[in-house]
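Colleague: Before I plan around this model, I would like to go through its architecture with you, one point at a time. Could you show it to me?

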Amino acid sequence: TFADIARESTRWARLLHERVPEPGARVVIAREPGTAWAAAIVGALRIGVLPVPVGSALSTTDLALRIVEVDPALVLVDLRSAAAMEGATRRLREGPPVLTLEEASWELLRVGEPTRRTDVPVDEPAVILYTAGRSSGRPRPVVHSHAATYAAYVPAQEWLDAGPGDLVWCTADGGSSTALWTGLLGPWSTGAAVLHIDGGLEPGERAELLARFPPTIAVQSPA
């Protein structure tokens, strides 16, 4: 429920408040869309920290490049991206602190109240998303303001026609703009629910899950 996400994102805000001391600092999130991915992104937005979702399928070289470019104060990884992160850290003279989602699950149980402000002006940076790189030759980081997080409402309403009672299933990579705008913040802003499938399920398990929770709107990434 939205209440569950509010509680979970508040816990993430507390944890990030401890780990990332300065507003405006960046947190790389190297995992695919799921409950923790969504709660960590919302928790970061609540305290003025910039999430940088990159997905979990990046190579060691690509992950190291992103770390150099955005200079994160923290990197969140899942088991799938942990090996690439380890290789990326070896390539860097001084890598950022790394927190696995398994470690975070324990820390989330003990964190206290965040003391940082949560009222963030709409023109301040909110999130950094990488382009696909088709026009520039390689993916580039783009800073989006908090106004953009609100503007996600428009395509969700006008393009997806999403609203209360809808269940939106987005299959885009966790580092894509589609996953964030069209697969999370946009539908939520209209009151629609989103379907995230944690982990790599077998095709039969995925089909069974979709039969149990049939989406009313499917969003497929063109990539």
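Colleague: In what order do the four strands of the open sheet lie, and which strands stand at the edges?

Modeller: The four strands lie in the order 2-1-3-4 with parallel pairing, where helices (H or I, at least four residues) and strands (E, at least two) are DSSP runs numbered from the N terminus, and two strands pair if DSSP finds at least two bridges between them. Neighbouring strands are turned by 25 degrees against each other on average, direction ignored. Each edge strand has a single partner, so one side of it is left without a neighbour in the sheet, and the strands in that position are strand 2 and strand 4 (98–100).

Colleague: What kind of model is this, and how are the residues numbered?

Modeller: This is a predicted model, in which local features need pLDDT of at least 70 and side-chain atom pairs count only at pLDDT 80 or more, while totals for chains, interfaces and linings use all residues. Side-chain values use heavy atoms, with hydrogens and water left out, and residues are numbered from 1 along each chain as its sequence is written.

Colleague: Which residue is the bridge partner of Ile29 in strand 2?

Modeller: Strand 1 and strand 2 run parallel and are joined by four bridges. In strand 2, the residue paired with Ile29 is Pro53.

Colleague: At about what angle does helix 2 run to strand 2?

Modeller: Helix 2 (residues 35–46) packs on the sheet and touches strand 1, strand 2 and strand 3, a contact being heavy atoms within 4.5 Å. Axes are lines fitted to C-alpha atoms, for helices over the stretch in contact, and angles run from 0 to 180 degrees between N-to-C directions. On that scale, the direction of helix 2 makes with that of strand 2 an angle of about 150 degrees.

Colleague: How do helix 2 and helix 8 cross, and which residues of helix 8 make the contact?

Modeller: The axes of helix 2 and helix 8 (residues 177–189) come within 12 Å and cross at roughly 75 degrees. That makes the two helices roughly perpendicular, given that angles under 35 degrees count as roughly parallel, over 145 as roughly antiparallel, 65 to 115 as roughly perpendicular and the rest as oblique. Helix 2 contributes Trp37, Ala38, Ile41, Val42 and Leu45, and they meet, on helix 8, Ala179, Leu180, Leu184, Leu185 and Trp188.

Colleague: Which residues of helix 3 are buried, and why do they line one face of the helix?

Modeller: Buried means under 20% relative accessible area, exposed over 50%, and partly exposed in between, with a 1.4 Å probe and protein chains only. Seen down the axis of helix 3 (residues 60–70), the buried residues fall within an arc of 160 degrees, so they line one face; the arc is that of the directions from the helix axis to the C-beta atoms. What covers them includes strand 1 (26–30), strand 3 (74–77), helix 4 (79–91) and strand 5 (125–130). The buried residues are Leu63, Ala64, Arg66, Ile67 and Val70.

Colleague: Which residue forms a salt bridge with Arg138?

Modeller: Arg138 lies in the loop between strand 5 and strand 6, and its partner is in helix 3, 69 residues apart. Arg138 is partly exposed at 29% relative accessibility, and the N to O separation is 2.8 Å. The partner is Glu69.

Notes. A salt bridge is a side-chain nitrogen of Lys or Arg within 4 Å of a carboxyl oxygen of Asp or Glu.
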